[in-house]
Amino acid sequence: MVQVALKFPIFFNFLIQWKLKMIELLMRILVYGATLSGIYALIASGFTLIFGVSRIMNFSHGAFFILGAYFGIALIHGIGLNPYLSIIISILIVGLLAAAMYKSIISPVREHEVMVIIVTLAFALIVEQVILLTFGEHGISFPSVIEGVVIVGTVLIPSMRLFVLAVAIIALIMLWTFIGKTRLGKEITAASQDAEAAMLMGLDVDRLLIVTVFISAILAALGGVLYAQVYAANPFMVLKSLIFAFAIVILGGLGSVKGSIIAAFIVGYILTAVIVLYGARWSEFVALFLIIAILVLRPSGLLGVKEQ
Amino acid sequence: MKILSKRKISRREYLKYAAAGVVVAAGAIGGYAAWQSTRKPLEKEEIIIGVLAPMATRQGSVQRDAAALAIEEINATGGILGVPIKMVVGDDKLDPDAAVSELRRLVTVENADVLTGGYSSGIMAATMEPMAELKTVFLADASSPAHPAKVAEDYEKYKYWFRITQNNGASFAFDMADMIDMLRGKGVPVDKIYIIRDEHVWADDVEKFFNPLLTERNVEVVKNVKIPRGYTEYEPLIIEAHDLGSQVILPIVALSGTGDVLAKHWATLKLPVLLAGHDLAALDLGFWEKTEGACNYYIFIADGGVVQTAPPTSVCTNFIENYTKKYGHPPEAHQGYGAYDAVYLYKMAVEEAAKAGAADPLDSDTIVKYLEKLATLESPVELTRNIAFYPPGDENKWDHDLAWGDKYVRNWISEWIDGKWYQIWPEDKANAELKLPPWFK
Amino acid sequence: MNKCLKSINFKDKRILGILVILFISIIVSRFAPDAFVYILGLTYLFIILAVSWDIIVGYAGQINLGHTVFVGIGAYTTALLQVPSRFQGTFFEFLSEMPQIPIFASILFGGIAAGIVGFLIGVITLRLRGWYFALVTAILPFIFIETTIIESEIFGGEEGFSIGLERALAPTSLGKYYIALALMLVSVVIMFTIVNSRVGLKFKTVREDLNLAEAVGINTVNYKVLAFIISSFFAGITGAAIVHYRSTVSPGLYDIPLMLLIILAAVIGGLGTILGPIIGGLIVYLTRYWWLKGAISAFTVAGLPINDDIILYIILIALAILAPEGLWVKVRRFVSET
């Protein structure tokens, strides 16, 4: 190597430049990928949580995701509320909306799986249409709570991305602690492992379910708000985020929150890597394709439990 | 027990068939009743203008509102040839299926005499088929060169189509080349550009004309990035544009829907690269608010031939004023000018035909003839813009397309400056000077 | 009345039923406005979709949320066979010189292409159970939609492309209507026959209890894949027919709202029967594309953010809550109790 370098100084120089460029590219993928992954982890874990406890496929999960963003935007532009407050209030609104929706629409049809899909999908499509009619089909972005860029080495990173990453991680840690350490969290875990046994032990499974729905929707809404800050909210995200939630959740294994989070990071990084290295148009296609390929090899996902 | 179950089966089967029959019959009766109630005898008690566009979008709803205003004005002066006009509306929902069935409904059930509308090129292509089948004149929007090409290839079938709302998309290339010339003229060196474009075929059509113009000017395209609808990862692209040494990031977008994110990211990074090109998102009076001012210094070419702060004709000024008075805000999109002009142009064609003694001035073939006669390159019609159509046999296959040029309609070069949208070029029509972002040296 | 019906043979009643439907359909087409006839024809095609979905879900017991993939494949296959010039300038340029293919052959190819893809998907998703299967099939349409956008020179991107009026099923709405009707009757009869044959019995066994089926010696893998092939073939034929009906093709045929309508039609009608999805299909499609139209203008004038899609979905949710086992079962129960 050294001999080659001595003989061809230009080549050596090129190698260094190339290495620096690679490092910069890697840094960019690392940071941008983390932001996207964090947001996806929020959506996916929420979806898994509900499924784990109740075996319910909530097809309106994507709607909660984007409603977090839209309620926030409506609060800011409509009442002039400051961004921080609107984030908090809008995710709470979405959580309550989800709980109400569960009680009124999903509960009555709980026993019939296909009906649950129909009902939640119809709800999601209603939300998509209402958003389309109210806000139009072009995206709306959420006013940023943080401005400016941070320079790490030679890489420019908008501060907003770091903020989003931080918030996502904090939320995930809080979720993890809640599930692992608090009593409610443990009850939820118990119910998801065996609902009947949990009931026999005196746990109010129905109440647990509503709490789970509430938390799951809040996570999704938070994801949506963060997403809209870095990117923009548009009505197509209702279904798009749902599809990616599916993909991530089955990759990670249905019912495993840990699996969902890991899978979210995998998918987020695949998407980002493809965008940065190859081209934007291929990113979603490649990601979905890879996920299906992985599933063919591991039909229960990475950390999933075998379905009966 | 056996007998009982048999009975149940037979009743069930019977009911199934009966139900099917009832449903179909009910549908038929319902449809027939609806048909009867809307069908009017053929002696003209009113002229019916149909508006077919995606009503959930501002580009669609503005067409309905602008046409309604035009119709109101005309009816106040007695209508067309003394006959009042009625408007019927169809919503294509940006879905070819819905568009085709709505067009059929407007023409065969609502008896529309003429149609205006459109927005998406793909939908327009789909609707040209029933338009041709039902032989109804369609004064249209959308920008694809494929539409006039159809007229060129089969005139007798597709001649009912005219493009009135904005220019052929390929002509954006001329405007953008003009924009580059302008920048250079004002001392901004432009020799490397970074293109961000929609994945869609419409951008292909623009590039076909744009690339030779760039070569002529010795402008190098350092990279050409295709983005899908809803794409939002602009930061890496902006940074890359700067790394590759380009002075201008040139968007050719209309469908991505995320122009506000592009503006936001560009303003956040504040790299010494200009943002100048075609972005439908910027062509929105609410864009400043949507981007919280991040779009300041965004240079873009404005479809439809009207920059709202600098109306090109007095008819246009009056239209904007009356529209604002009626609806509380200026036209939300440039399609409004097209729809307004469509109604008036149709009126003029009908009147011309009647004056010349045509047997049925509302007959579609007759209207086609008179539209061709009225709006010519030699003498365009002055409405909110100066309308002229290229005649059949056009060398570029732009038959019945809206004529492009300073004398006619073109995408004026405009810019967002300090909260307002100004026209900065050509000089004689400008109402502001080019302003460069302070971080661009 | 009942005694009279009892004495009629089951088979005769079916034929009677078909004749009744035919009769009514013909009467309708004579008197209804052109726009309605157009929609009714599309409804017949939609019915094939609902019935073919029932084969996978109602009979073979697999919740396939990606049925629209086959519709789209059938559609694009025939569209590209009809307009091979779209291949010019691409990797597949050699195809662009193809001679003109007759319409019905083209539709058949659409069905075959979909059937092949159905086979592949059946094989690939073999090891997936339950919800994994459902979710993976839910993702598939998106992948296909992405391809139409990425390769937009060939597939026409988001808005698709037109195949020209001359390649329509028939030159008039009435003609198209009759051909759609014929296509539906033929397809439904074929599927009905399959389902009531030994093959159908094996499907039902696999649906009811996988382990039992295997214990009895049924090769469940083969039957699952077979169900896929049949279901996808008919969906493909329909997709192709739709393209020749509307003279255009677009990725909307892959999309979720269509999937929801199909699910609805089959569920409302009653899964696991053939007649159920037929009636369900009629109700759902006509409601969505015809009957709701008048109701909506009242709302939009009021300025509320409502359109016919929203009303449809609301009705849907209400129906689902009122009759979670499926509307048909409820009606049947009601009727048999009186």
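**Note on the predicted three-chain model**

1. Start with chain C. Of its 338 residues, 56% are buried. Its secondary structure amounts to 15 helices and two strands. Take the contacts in chain C with a separation of 6 or more: 78% of them are between residues 24 or more positions apart.

2. This is a predicted model, and its overall scores are ipTM 0.78 and pTM 0.79. Confidence should be read before any detail. Where pLDDT is low, the predicted coordinates should not be read in detail.

3. Confidence in chain C comes next. The mean pLDDT of chain C is 81. In this chain, 88% of residues reach 70 or more. Among the elements of chain C, helix H4 (residues 68–82) has the highest mean pLDDT, at 93. Helix H1 (residues 2–7) of chain C has the lowest, at 49. Over residues 4–8 of chain C the pLDDT is below 50. Beyond near neighbours in sequence, that stretch has six contacts in the model.

4. Now chain A. Its mean pLDDT is 83, with 94% of its residues at 70 or more. Helix H1 (residues 2–7) of chain A is where confidence is lowest, at a mean of 57. Confidence in chain A is highest in helix H4 (residues 83–109), at 90.

5. A helix pair in chain A deserves a look. Two packed helices are described by the angle between their axes and the distance between the axes. Here the pair is helix H10 (residues 237–252) and helix H12 (residues 283–297) of chain A. They pack at an angle of about 30°, and their axes are 10 Å apart. Angles under 35 degrees count as roughly parallel, so H10(A) is roughly parallel to H12(A). Their crossing is left-handed.

6. Which residues make this helix contact? H10(A) brings Ala247(A), Ile250(A) and Leu251(A). H12(A) meets them with Leu288(A), Ile291(A), Ile294(A) and Leu295(A). The contact of H10(A) with H12(A) holds seven nonpolar residues, no polar ones and no charged ones.

7. Chains A and B touch. The contact takes 25 residues from chain B and 23 residues from chain A. On the chain B side, the elements giving two or more residues are strand E7 (220–227), helix H9 (234–243) and helix H10 (259–269). H10(B) supplies the largest share of that side, five residues. By type, the side of chain B that touches chain A divides into ten nonpolar, six polar and nine charged residues.

8. Most residues other than glycine have a negative phi, and most peptide bonds are trans. Arg55(A) has a positive phi, near 55°. This residue is found in the loop between helix H2 (9–54) and helix H3 (61–79) of chain A. Is Arg55(A) buried or partly exposed? Arg55(A) counts as partly exposed, because it has 17 C-beta neighbours inside 10 Å, and a buried residue needs 20 or more.

9. Lys270(B) also has a positive phi, near 50°. Its place is in the loop between H10 and strand E9 (274–279) of chain B. With 15 other C-beta atoms within 10 Å, Lys270(B) is partly exposed.

10. One peptide bond in chain B needs a mention. Trp425(B) and Pro426(B) are joined by a cis peptide bond, with omega about 0°. Pro426(B) lies in the segment after strand E14 (420–425) of chain B.

Technical notes. Residues numbered from 1 in each chain as written. Chains lettered and ligands numbered in written order. Predicted model: local features only at pLDDT ≥ 70, side-chain atom pairs only at ≥ 80, totals over all residues. Axes fitted to C-alpha atoms, helices over the stretch in contact; angles between N-to-C directions. Helix = DSSP H or I, 4+ residues; strand = E, 2+ residues; numbered from the N terminus. Parallel < 35°, antiparallel > 145°, perpendicular 65-115°, else oblique. Left-handed = near helix turned anticlockwise from the far one by under 90°. Contact = placed C-beta atoms within 7 Å. Nonpolar A, V, L, I, M, F, W, Y, C, P; charged D, E, K, R; others polar. pLDDT = per-residue confidence, 0-100. Buried ≥ 20, exposed ≤ 12 C-beta atoms within 10 Å, placed from the backbone.
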